[in-house]
Amino acid sequence: MAKMEYGWLKIRFGAQKYKKVIIALLCGFVLMALIYYGVRGMIPQMSVEEGSFSALLGALVGGFFSLAGSIGVAKMQQKSQREILKKNTIYKPLYDELMKNDDILRSKNPFPMEVWCDTNPRTIVESPSFAAWNRIQRDNRLLDVPESIQTQMNDLEETIERYLRLRRGVGTPVQKICYETLKAQGKENVLFTNIGDMVSGAVLNTDIDRVLEYITEYNNKTEDDEKIAQEIYNACLETEDIRKTKELQKKWRDMQNGILDELAMRIKYISMKYEG
């Protein structure tokens with residue numbers, strides 16, 4: 001159902017984009033049809049005696065279309081106001097939030113260990129936040145969120161929960177690798193409690209220099225240290241937890257970008273139809 005709704009939105013967006021061309025073609029077709037049938041005598045001619053009836057009929061028809069037009073305009077204005085309100089209070093806040101999250105995942109903090117449900121606290125490393133979406137869920141705006149958006153956001157939430165469970169636990173197998181490798185090389189003195197979390201973050205971000213920094217004593221880097229760092233790095237890359245964490249992070253970004261595409265289309269559609 002959500003995919004059908006999104007597909008229909010794309011059709012409506014295309015029709016709105018080329019609305020003037022479509023209207024011009026339809027008007028041209030109707031005009032040509034009237035000329036064609038008029039020339040062939042298909043439009044009956046009214047006699048003079050029928051003038052009163054014709055005037056009455058014209059008044060009735062004109063009144064009907066005038067009333068229908070007034071009702072139609074009123075409904076269109078109401079719908080326009082509702083759609084613009086949805087754009088400004090639902091689509092744009094959610095779009096801005098997801099765009100910011102995408103920027104964080106792309107450059108600032110690709111593999112976060114925290115995702116905030118409310119306002120993002122001030123931390124050294126910024127993490128994604130879903131404060132706008134949670135506010136929407138807690139008030140009557142949720143009733144106006146399209147089913148396709150709700151479904152995608154719920155699926156995204158489940159994916160993020162799976163990612164976080166794995167991301168917070170990936171340090172355990174990495175710590176085991178670090179302990180075994182460093183002890184075998186007689187470097188127990190550089191081991192510290194959360195070395196697994198630190199090294200796993202470096203490995204996920206493809207930062208072998210940071211791995212070397214963590215296992216080096218007092219920044220006295222040696223050739224042996226570089227070999228040990230490479231060994232730890234390669235062993236961590238082969239673990240299933242690291243691989244699955246990367247896969248889930250990619251899935252998170254892909255799903256988020258899909259929602260952004262639909263939100264962008266809805267915002268553009270409303271702007272073109274009701275504000276253009």
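View 1. A disulfide here is a pair of cysteine sulfur atoms within 2.5 Å. This is a predicted model, in which local features need pLDDT of at least 70 and side-chain atom pairs count only at pLDDT 80 or more, while totals for chains, interfaces and linings use all residues. Residues are numbered from 1 along each chain as its sequence is written, and side-chain values use heavy atoms, with hydrogens and water left out. So what about Cys-178? Its closest cysteine sulfur sits in Cys-236, and at 5.4 Å that's too far for a bond. Cys-178 is buried, at a relative accessible area of 0%; buried means under 20%, exposed over 50%, and partly exposed in between (1.4 Å probe, protein chains only).

**View 2. Helix H6 meets helix H9.** Helices are DSSP runs (H or I, at least four residues), numbered from the N terminus. The axes of H6 (residues 171-184) and H9 (residues 223-237) come within 10 Å, crossing at roughly 145°. Axes are lines fitted to C-alpha atoms over the stretch in contact, with angles from 0 to 180 degrees between N-to-C directions.

**View 3. Asn-134 and Cys-117.** Asn-134 belongs to helix H4 (residues 131-137), and with 17% relative accessibility it counts as buried. Its side chain reaches over to the backbone oxygen of Cys-117, at 3.0 Å. Cys-117 itself comes out as partly exposed, at 48% relative accessibility.

Key:
Helix = DSSP H or I, 4+ residues; strand = E, 2+ residues; numbered from the N terminus. Polar contact = N/O pair within 3.5 Å; in protein donor to acceptor, adjacent residues only side chain to side chain.
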